[in-house]
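Subject: Structure for you to look at

Hello,

Here is the structure I said I would send. My notes on what was found in it follow below.

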Amino acid sequence: MITTKPTIEVARSAGWCFGVERIVQMAEKLLDETPDGPVYCLGELIHNPQEVARLRAKGMVFVKSHEELPPLKPGEKRKVLIRAHGVAPSVKRALHEKGYEIYDGTCPLVTIPQRFARELAEQGYRLVIMGHIEHPEIQGILGHLDGLNAQVDVITGPEEVDKLRLKASDRVGLISQTTHPFERFAQLIGRVLEHCLEVRAYNTICQATFDRQEAIRELAQRCDIVIVIGGRNSSNTCRLAEIASQYTTCYHIEDESELKGEWFWGKKHIGISAGASTPTHAITAVQAAIEQLVSKLSTASG
Ligand code: SF4
(Lines give C-alpha, C1' and ligand atoms only; values in the text may rest on other atoms or scores of the structure.)
Protein backbone atom coordinates (compact mmCIF):
# COMPACT_ATOMS: atom_id res chain seq x y z
CA MET A 1 0.00 0.00 0.00
CA ILE A 2 1.28 3.49 -0.85
CA THR A 3 1.14 6.05 1.96
CA THR A 4 3.29 8.84 0.55
CA LYS A 5 3.83 9.47 -3.12
CA PRO A 6 7.13 7.90 -4.22
CA THR A 7 9.83 9.81 -6.05
CA ILE A 8 10.52 8.81 -9.64
CA GLU A 9 14.03 9.29 -10.98
CA VAL A 10 15.42 8.68 -14.46
CA ALA A 11 19.05 7.52 -14.57
CA ARG A 12 21.47 10.33 -15.43
CA SER A 13 22.52 8.41 -18.54
CA ALA A 14 19.74 6.52 -20.33
CA GLY A 15 18.25 5.98 -23.78
CA TRP A 16 19.56 6.67 -27.26
CA CYS A 17 23.30 6.68 -27.71
CA PHE A 18 25.18 8.56 -30.37
CA GLY A 19 25.44 5.49 -32.66
CA VAL A 20 21.69 4.84 -32.56
CA GLU A 21 20.78 8.48 -33.06
CA ARG A 22 23.13 8.57 -36.05
CA ILE A 23 21.68 5.45 -37.71
CA VAL A 24 18.07 6.55 -37.20
CA GLN A 25 18.91 9.95 -38.76
CA MET A 26 20.55 8.13 -41.70
CA ALA A 27 17.44 5.98 -42.13
CA GLU A 28 15.09 9.00 -42.02
CA LYS A 29 17.21 10.87 -44.58
CA LEU A 30 17.32 7.89 -46.96
CA LEU A 31 13.55 7.41 -46.68
CA ASP A 32 12.93 11.12 -47.35
CA GLU A 33 15.21 11.03 -50.39
CA THR A 34 13.55 7.87 -51.73
CA PRO A 35 9.81 8.65 -51.78
CA ASP A 36 9.13 5.82 -54.27
CA GLY A 37 11.01 3.36 -52.05
CA PRO A 38 11.93 0.83 -51.03
CA VAL A 39 14.98 1.38 -48.84
CA TYR A 40 16.33 -1.92 -47.58
CA CYS A 41 17.98 -2.51 -44.23
CA LEU A 42 20.03 -5.58 -43.30
CA GLY A 43 18.48 -6.82 -40.06
CA GLU A 44 16.36 -4.73 -37.70
CA LEU A 45 17.81 -1.23 -37.69
CA ILE A 46 17.89 -1.08 -33.90
CA HIS A 47 16.70 -3.42 -31.16
CA ASN A 48 13.52 -1.53 -30.49
CA PRO A 49 10.30 -3.03 -31.95
CA GLN A 50 8.35 0.26 -31.85
CA GLU A 51 11.04 2.19 -33.75
CA VAL A 52 11.35 -0.64 -36.29
CA ALA A 53 7.56 -0.60 -36.83
CA ARG A 54 7.62 3.19 -37.27
CA LEU A 55 10.35 3.00 -39.93
CA ARG A 56 8.63 0.07 -41.66
CA ALA A 57 5.49 2.19 -41.95
CA LYS A 58 7.61 4.90 -43.61
CA GLY A 59 8.79 2.45 -46.29
CA MET A 60 11.85 0.72 -44.89
CA VAL A 61 12.07 -2.96 -45.82
CA PHE A 62 13.97 -5.13 -43.35
CA VAL A 63 15.64 -8.29 -44.63
CA LYS A 64 17.43 -10.86 -42.50
CA SER A 65 20.43 -11.20 -44.81
CA HIS A 66 21.80 -9.94 -48.11
CA GLU A 67 20.71 -13.23 -49.73
CA GLU A 68 17.07 -12.13 -49.32
CA LEU A 69 17.58 -8.98 -51.38
CA PRO A 70 15.95 -9.26 -54.82
CA PRO A 71 18.23 -9.19 -57.88
CA LEU A 72 18.20 -5.83 -59.67
CA LYS A 73 17.13 -5.33 -63.27
CA PRO A 74 19.70 -3.69 -65.58
CA GLY A 75 19.91 0.02 -64.72
CA GLU A 76 17.77 -0.37 -61.59
CA LYS A 77 19.03 1.42 -58.44
CA ARG A 78 18.23 0.33 -54.91
CA LYS A 79 19.58 1.48 -51.55
CA VAL A 80 20.56 -0.73 -48.65
CA LEU A 81 21.45 0.47 -45.17
CA ILE A 82 23.94 -1.33 -42.92
CA ARG A 83 22.96 -0.88 -39.29
CA ALA A 84 25.13 0.25 -36.37
CA HIS A 85 26.23 -3.34 -35.52
CA GLY A 86 28.24 -3.53 -38.74
CA VAL A 87 28.73 -6.50 -41.08
CA ALA A 88 31.55 -8.66 -42.39
CA PRO A 89 33.48 -7.26 -45.37
CA SER A 90 32.22 -10.26 -47.40
CA VAL A 91 28.64 -9.00 -46.93
CA LYS A 92 29.58 -5.58 -48.30
CA ARG A 93 31.26 -7.23 -51.28
CA ALA A 94 28.12 -9.32 -51.94
CA LEU A 95 25.92 -6.20 -51.83
CA HIS A 96 28.26 -4.41 -54.17
CA GLU A 97 28.27 -7.33 -56.62
CA LYS A 98 24.46 -7.36 -56.58
CA GLY A 99 24.55 -3.68 -57.61
CA TYR A 100 23.03 -2.16 -54.47
CA GLU A 101 23.98 1.33 -53.29
CA ILE A 102 25.45 0.78 -49.82
CA TYR A 103 24.88 3.21 -46.97
CA ASP A 104 27.13 2.12 -44.13
CA GLY A 105 25.77 3.12 -40.70
CA THR A 106 28.24 1.00 -38.69
CA CYS A 107 28.82 2.84 -35.42
CA PRO A 108 32.39 4.17 -35.41
CA LEU A 109 32.80 2.57 -31.97
CA VAL A 110 31.93 -0.86 -33.40
CA THR A 111 34.73 -0.52 -35.95
CA ILE A 112 37.23 -0.47 -33.03
CA PRO A 113 36.80 -4.16 -31.98
CA GLN A 114 36.64 -5.09 -35.69
CA ARG A 115 40.05 -3.46 -36.22
CA PHE A 116 41.66 -4.80 -33.03
CA ALA A 117 40.40 -8.35 -33.68
CA ARG A 118 42.13 -8.38 -37.05
CA GLU A 119 45.28 -6.74 -35.70
CA LEU A 120 45.59 -9.26 -32.85
CA ALA A 121 44.96 -12.22 -35.16
CA GLU A 122 47.52 -10.93 -37.68
CA GLN A 123 50.08 -10.70 -34.87
CA GLY A 124 49.49 -14.34 -34.00
CA TYR A 125 47.48 -13.89 -30.81
CA ARG A 126 44.92 -16.49 -29.86
CA LEU A 127 41.81 -14.33 -29.88
CA VAL A 128 39.24 -14.49 -27.07
CA ILE A 129 36.17 -12.31 -27.58
CA MET A 130 33.69 -11.68 -24.77
CA GLY A 131 30.22 -11.52 -26.29
CA HIS A 132 27.33 -13.53 -27.66
CA ILE A 133 28.24 -15.56 -30.73
CA GLU A 134 24.85 -15.01 -32.36
CA HIS A 135 24.92 -11.22 -31.87
CA PRO A 136 25.29 -9.33 -35.19
CA GLU A 137 28.17 -7.23 -33.84
CA ILE A 138 30.13 -10.41 -33.03
CA GLN A 139 29.28 -11.90 -36.43
CA GLY A 140 30.61 -8.71 -38.03
CA ILE A 141 33.82 -8.88 -35.97
CA LEU A 142 34.35 -12.54 -36.89
CA GLY A 143 33.82 -11.65 -40.53
CA HIS A 144 36.77 -9.26 -40.31
CA LEU A 145 39.00 -12.28 -39.65
CA ASP A 146 38.23 -13.92 -42.99
CA GLY A 147 41.34 -15.15 -44.74
CA LEU A 148 43.39 -15.32 -41.53
CA ASN A 149 44.23 -18.62 -39.94
CA ALA A 150 43.17 -17.31 -36.54
CA GLN A 151 42.32 -19.28 -33.43
CA VAL A 152 39.22 -17.57 -32.06
CA ASP A 153 36.87 -18.27 -29.16
CA VAL A 154 33.75 -16.31 -28.28
CA ILE A 155 32.75 -16.66 -24.63
CA THR A 156 30.10 -14.88 -22.60
CA GLY A 157 32.28 -14.13 -19.59
CA PRO A 158 35.01 -15.10 -17.11
CA GLU A 159 33.17 -18.22 -15.91
CA GLU A 160 33.83 -19.86 -19.30
CA VAL A 161 37.62 -19.46 -19.20
CA ASP A 162 38.22 -23.07 -18.07
CA LYS A 163 36.64 -24.48 -21.20
CA LEU A 164 39.30 -22.64 -23.28
CA ARG A 165 41.99 -25.00 -21.88
CA LEU A 166 44.59 -22.24 -22.03
CA LYS A 167 48.29 -23.06 -21.87
CA ALA A 168 50.95 -20.86 -20.28
CA SER A 169 52.59 -20.45 -23.68
CA ASP A 170 49.39 -19.12 -25.33
CA ARG A 171 49.62 -15.46 -26.36
CA VAL A 172 46.06 -14.31 -25.80
CA GLY A 173 44.38 -11.24 -27.30
CA LEU A 174 41.20 -10.08 -25.57
CA ILE A 175 38.41 -7.80 -26.76
CA SER A 176 34.77 -7.40 -25.78
CA GLN A 177 31.44 -6.81 -27.49
CA THR A 178 30.86 -3.05 -27.10
CA THR A 179 27.81 -3.52 -24.88
CA HIS A 180 29.13 -5.89 -22.22
CA PRO A 181 29.79 -4.81 -18.63
CA PHE A 182 33.28 -3.50 -17.97
CA GLU A 183 33.74 -5.31 -14.66
CA ARG A 184 33.11 -8.67 -16.33
CA PHE A 185 35.74 -7.85 -18.93
CA ALA A 186 38.17 -6.88 -16.16
CA GLN A 187 37.43 -10.23 -14.41
CA LEU A 188 38.01 -12.05 -17.68
CA ILE A 189 41.44 -10.43 -18.09
CA GLY A 190 42.32 -11.53 -14.55
CA ARG A 191 41.14 -15.10 -15.15
CA VAL A 192 43.12 -15.42 -18.39
CA LEU A 193 46.23 -14.02 -16.70
CA GLU A 194 46.00 -16.83 -14.15
CA HIS A 195 46.80 -19.23 -17.03
CA CYS A 196 48.94 -17.33 -19.54
CA LEU A 197 52.12 -15.29 -19.43
CA GLU A 198 51.20 -12.94 -22.24
CA VAL A 199 47.80 -11.27 -22.49
CA ARG A 200 47.00 -8.27 -24.63
CA ALA A 201 43.60 -6.71 -23.92
CA TYR A 202 41.81 -3.82 -25.58
CA ASN A 203 38.94 -2.15 -23.79
CA THR A 204 36.41 -2.11 -26.63
CA ILE A 205 33.37 -1.41 -24.44
CA CYS A 206 31.83 1.82 -25.67
CA GLN A 207 31.60 4.86 -23.42
CA ALA A 208 27.82 5.16 -23.86
CA THR A 209 27.42 1.59 -22.58
CA PHE A 210 29.82 2.21 -19.69
CA ASP A 211 28.01 5.45 -18.70
CA ARG A 212 24.55 3.79 -18.78
CA GLN A 213 25.79 0.83 -16.73
CA GLU A 214 27.45 3.04 -14.12
CA ALA A 215 24.37 5.27 -13.92
CA ILE A 216 21.98 2.35 -13.32
CA ARG A 217 24.34 0.78 -10.77
CA GLU A 218 24.36 4.04 -8.81
CA LEU A 219 20.58 4.56 -9.18
CA ALA A 220 19.58 0.97 -8.35
CA GLN A 221 21.36 1.17 -4.99
CA ARG A 222 19.10 4.06 -3.99
CA CYS A 223 15.79 2.66 -5.35
CA ASP A 224 13.42 -0.04 -4.18
CA ILE A 225 12.35 -0.75 -7.75
CA VAL A 226 13.89 -0.06 -11.15
CA ILE A 227 12.13 -0.20 -14.52
CA VAL A 228 14.38 -0.79 -17.54
CA ILE A 229 12.89 0.05 -20.95
CA GLY A 230 14.06 -1.44 -24.23
CA GLY A 231 13.75 -4.33 -26.65
CA ARG A 232 14.07 -7.80 -25.14
CA ASN A 233 16.45 -8.55 -28.02
CA SER A 234 18.63 -5.57 -27.08
CA SER A 235 21.88 -6.79 -25.57
CA ASN A 236 22.73 -3.53 -23.80
CA THR A 237 19.19 -3.24 -22.34
CA CYS A 238 19.40 -6.80 -20.95
CA ARG A 239 22.77 -5.89 -19.34
CA LEU A 240 21.16 -2.85 -17.65
CA ALA A 241 18.40 -5.06 -16.23
CA GLU A 242 20.99 -7.59 -15.01
CA ILE A 243 22.98 -4.87 -13.22
CA ALA A 244 19.89 -3.33 -11.58
CA SER A 245 18.74 -6.81 -10.44
CA GLN A 246 21.95 -7.16 -8.43
CA TYR A 247 20.77 -4.35 -6.15
CA THR A 248 16.98 -4.16 -6.21
CA THR A 249 13.75 -5.38 -7.80
CA CYS A 250 13.93 -4.79 -11.53
CA TYR A 251 11.45 -5.20 -14.39
CA HIS A 252 12.50 -5.09 -18.05
CA ILE A 253 9.67 -3.77 -20.25
CA GLU A 254 9.39 -2.74 -23.88
CA ASP A 255 6.74 -0.07 -23.32
CA GLU A 256 4.32 1.35 -20.76
CA SER A 257 1.54 -1.16 -21.60
CA GLU A 258 3.48 -3.80 -19.61
CA LEU A 259 3.51 -1.84 -16.33
CA LYS A 260 1.52 -3.29 -13.43
CA GLY A 261 0.20 -1.21 -10.55
CA GLU A 262 1.07 -3.81 -7.90
CA TRP A 263 4.79 -3.47 -8.69
CA PHE A 264 4.70 -0.04 -7.04
CA TRP A 265 2.83 -0.89 -3.82
CA GLY A 266 4.80 0.42 -0.85
CA LYS A 267 7.67 1.70 -3.00
CA LYS A 268 9.37 4.95 -2.03
CA HIS A 269 11.92 5.52 -4.75
CA ILE A 270 11.29 4.36 -8.33
CA GLY A 271 14.16 4.34 -10.81
CA ILE A 272 13.90 4.32 -14.61
CA SER A 273 16.57 3.54 -17.17
CA ALA A 274 16.56 2.63 -20.85
CA GLY A 275 18.79 0.88 -23.34
CA ALA A 276 20.77 2.66 -26.03
CA SER A 277 18.07 1.93 -28.64
CA THR A 278 15.17 3.35 -26.62
CA PRO A 279 13.99 6.79 -27.81
CA THR A 280 13.39 9.63 -25.36
CA HIS A 281 9.64 9.70 -26.05
CA ALA A 282 9.40 6.05 -24.86
CA ILE A 283 11.08 6.98 -21.56
CA THR A 284 8.75 9.96 -21.13
CA ALA A 285 5.71 7.76 -21.82
CA VAL A 286 6.77 5.20 -19.19
CA GLN A 287 7.50 7.93 -16.64
CA ALA A 288 4.04 9.48 -17.22
CA ALA A 289 2.34 6.07 -16.94
CA ILE A 290 4.14 5.30 -13.64
CA GLU A 291 3.11 8.71 -12.27
CA GLN A 292 -0.51 7.90 -13.12
CA LEU A 293 -0.31 4.45 -11.55
CA VAL A 294 1.20 5.68 -8.28
CA SER A 295 -1.33 8.54 -8.12
CA LYS A 296 -4.15 6.01 -8.41
CA LEU A 297 -2.58 3.84 -5.72
CA SER A 298 -2.10 6.85 -3.41
CA THR A 299 -5.73 7.86 -3.89
CA ALA A 300 -6.94 4.30 -3.26
CA SER A 301 -4.87 3.99 -0.08
CA GLY A 302 -5.89 7.44 1.16
S1 SF4 B 1 25.89 1.29 -27.80
FE2 SF4 B 1 27.92 2.20 -28.22
S3 SF4 B 1 28.77 0.96 -29.87
FE4 SF4 B 1 26.57 0.54 -29.82
S5 SF4 B 1 25.68 1.99 -31.28
FE6 SF4 B 1 25.63 2.98 -29.27
S7 SF4 B 1 27.51 4.22 -29.18
FE8 SF4 B 1 27.76 2.71 -30.83
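Where is Thr248 found? Thr248 sits in the loop that runs between α8 and β11 (250-253). Please keep in mind throughout that this is a predicted model.

Apart from neighbours within four places in sequence, Thr248 is in contact with Ala220, Cys223, Asp224, Ile225 and Val226.

Gly271 touches part of that stretch of chain too: leaving aside neighbours within four places in sequence, its contacts are Glu9, Leu219, Cys223, Ile225, Val226 and Ile227. Gly271 belongs to strand β12 (residues 269-274). Its relative accessibility is 0%, so Gly271 counts as buried. Glu218 is 53 residues away from Gly271 along the chain, and the C-alpha atoms of the two are separated by 10 Å.

The protein as a whole

The protein has 302 residues, and 51% of them count as buried. Nine helices and twelve strands are found in the protein. Its C-alpha trace spans about 70 × 60 × 25 Å along the principal axes. Taking contacts between residues at least 6 apart in sequence, 75% join residues at least 24 apart.

The protein is divided into three parts: domain 1 (7-15 + 208-301), domain 2 (18-104) and domain 3 (111-205).

Domain 1 against domain 3

The C-alpha centres of these two domains lie 32 Å apart. How many residues of domain 1 are in contact with domain 3? Seven residues of domain 1 are in contact with ten residues of domain 3.

The size of an interface is often given as the accessible area lost when the parts come together. For domain 1 and domain 3 the buried area is about 680 Å², with 53% of it on carbon and sulfur atoms.

Between domain 1 and domain 3, five residue pairs are in polar contact. On the side of domain 1 that touches domain 3, the elements giving two or more residues are α7 (207-220) and α8 (235-245). Of these, α7 gives the most, with four residues. By class, that side of domain 1 has one nonpolar, four polar and two charged residues.

One salt bridge is found across the interface of domain 1 and domain 3. Separately, a salt bridge is listed between the side chains of Arg217 and Glu183, at 3.1 Å from N to O.

Salt bridges elsewhere

Side chains of opposite charge can pair when their charged atoms come close. In this model the count comes to 23 salt bridges. Three of them are described here.

Which residue forms a salt bridge with Lys58? The partner is Glu28, and the closest N and O atoms of the pair are 2.5 Å apart. This pair links distant parts of the chain: Lys58 is in the loop between α2 (49-57) and β3 (60-63), while Glu28 is in helix α1 (residues 18-33), 30 residues apart. Lys58 counts as partly exposed, at 41% relative accessibility, whereas Glu28 is buried, with a relative accessible area of 19%.

Glu33 and Lys29 meet in a salt bridge at 3.1 Å, N to O. Both lie in helix α1, four residues apart, about one turn of the helix. Glu33 is partly exposed at 43% relative accessibility, and Lys29 is exposed at 51%.

The side chains of Arg232 and Glu258 form a salt bridge with an N to O distance of 2.3 Å. Here too distant parts of the chain are linked: Arg232 is in the loop between β10 (225-229) and α8, and Glu258 is in the loop between β11 and β12, 26 residues apart. Arg232 is partly exposed, with a relative accessible area of 45%, and Glu258 is also partly exposed, with 23%.

Finally, salt bridges that share partners join Glu28, Glu51, Arg54 and Lys58 into one network.

Regards

How values were computed: Residues numbered from 1 in each chain as written. Predicted model: local features only at pLDDT ≥ 70, side-chain atom pairs only at ≥ 80, totals over all residues. Heavy atoms only, no water. Domains from an automatic or database assignment. Contact = heavy atoms within 4.5 Å. Buried area = accessible area lost by both parts, 1.4 Å probe. Salt bridge = Lys/Arg side-chain N within 4 Å of Asp/Glu carboxyl O. Polar contact = N/O pair within 3.5 Å; in protein donor to acceptor, adjacent residues only side chain to side chain. Nonpolar A, V, L, I, M, F, W, Y, C, P; charged D, E, K, R; others polar. Buried < 20%, exposed > 50% of the residue type's maximum accessible area, 1.4 Å probe, protein only.
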